[in-house]
Amino acid sequence: MKDDPRSRNERFDTSSIGAFLQDYARRLGASLAAVDGAALDAACRLVQRAADGGHRVYSVGNGGSAAIADHLCCDLIKGTHVEGKPTIDSYSMTSNVALYSAIANDFGFEQVFETQVELLGRRGDVLLAISSSGNSPNIIRAVDAAKAKGRVTIGLSGFSGGKLKDRADVSLHVNCNNYGVVEDAHQALMHVIAQYIVREREG
């Protein structure tokens, strides 16, 4: 069996479940507080600019990050809606199972997002890529394909940041070596972006 990524998780205090919770919560709070505020602001501006220009925000991720990618689209479309403002058109490349599995079957799993980037979208669109390790091959290939097509990329990474931290135009890096904390932080950042945008839209 392939190496279980959980073996790389930073460990917390197991003297009791309460102690574990407190340790986990402290690590999550510290990780969020350390996220680059300027990069977060840039990510918000890119999403808003895409909406104002009639462009689309695409999201990609594997496993828990795929769930975050799907949730992101829900919050960007419905959660930021304000009467008189353009809808933030958003699409998760994990959501069309038929297309996703057809590409994986015909071309390989590493091309499931890259191929969609090639087939969909236009210059001015934004690709938001989520990878806890920052090294998922299909995520990196999608980012490279998007940049080659003149699309802006936002990367959400954890651990050391991996290749995604350096490849994305805007990097939102969560400096923590625990998959749960990284995914929780990415989910929080997604909520922060959506809620900040809607507050700005409401004036």
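Tyr58, Met93, Val117, Asp125, Val126, Leu127, Ala146 and Arg151 line the largest cavity. That is my starting point today. A word on the model first. This is a predicted model, where local features need pLDDT of at least 70, side-chain atom pairs count only at pLDDT 80 or more, and totals for chains, interfaces and linings use all residues. Residues are numbered from 1 along each chain as its sequence is written, and side-chain values use heavy atoms, with hydrogens and water left out.

Back to the cavity. Rolling a probe the size of a water molecule over the atoms shows where empty space is left. We use a 1 Å grid over the protein atoms alone; a cavity is a set of points where a 1.4 Å probe fits but cannot get out, and lining residues have an atom within 4 Å of a point. Points are joined across faces, edges and corners, and a volume is the space filled by probe spheres set on them. The largest cavity has a volume of about 40 Å³. How many cavities of 30 Å³ or more are there? Two, by this rule.

Now the largest pocket. A pocket is an open set of points with protein on both sides within 12 Å along at least five of seven lines. The largest one holds about 490 Å³ of space. It is lined by 21 residues, and closest to its centre are Pro5, Arg8, Ser133, Ser136 and Tyr179. H3, E3, H6 and H8 each give two or more residues to that lining. Those labels are DSSP runs, numbered from the N terminus: helices (H or I, at least four residues) and strands (E, at least two).

Take Ser136. Ser136 sits in the loop between E3 and helix H6 (137–148). Buried or exposed? Ser136 counts as buried, because its relative accessibility is 18%. The cut-offs, with a 1.4 Å probe and protein chains only: buried is under 20% relative accessible area, exposed over 50%, partly exposed in between. Beyond its neighbours within four places in sequence, Ser136 is in contact (heavy atoms within 4.5 Å) with Asn62 and Ser131.

Next, H8. At the start of H8, a side-chain oxygen of Asn178 comes within 3.0 Å of the backbone nitrogen of Gly180. After H8 comes Gly203, with a positive phi near 80°.

On to H1. Ala19, Tyr24, Leu28 and Ser31 are buried there. They lie on the same side of H1, because they cover an arc of only 165° around the axis, taken from the directions from the helix axis to the C-beta atoms. Those buried residues pack against H8. On the face turned away, Arg26 and Ala33 are exposed.

Last stop, strand E5, where we find His173. His173 counts as buried, because its relative accessibility is 14%. A polar atom of its side chain lies 2.7 Å from the backbone oxygen of Phe159. The His173 side chain also reaches the backbone nitrogen of Gly161, at 3.3 Å.

Technical notes
A polar contact is a pair of N or O atoms within 3.5 Å; within protein, one must be able to donate a hydrogen and the other to accept it, and residues adjacent in sequence count only if both atoms are side-chain atoms.
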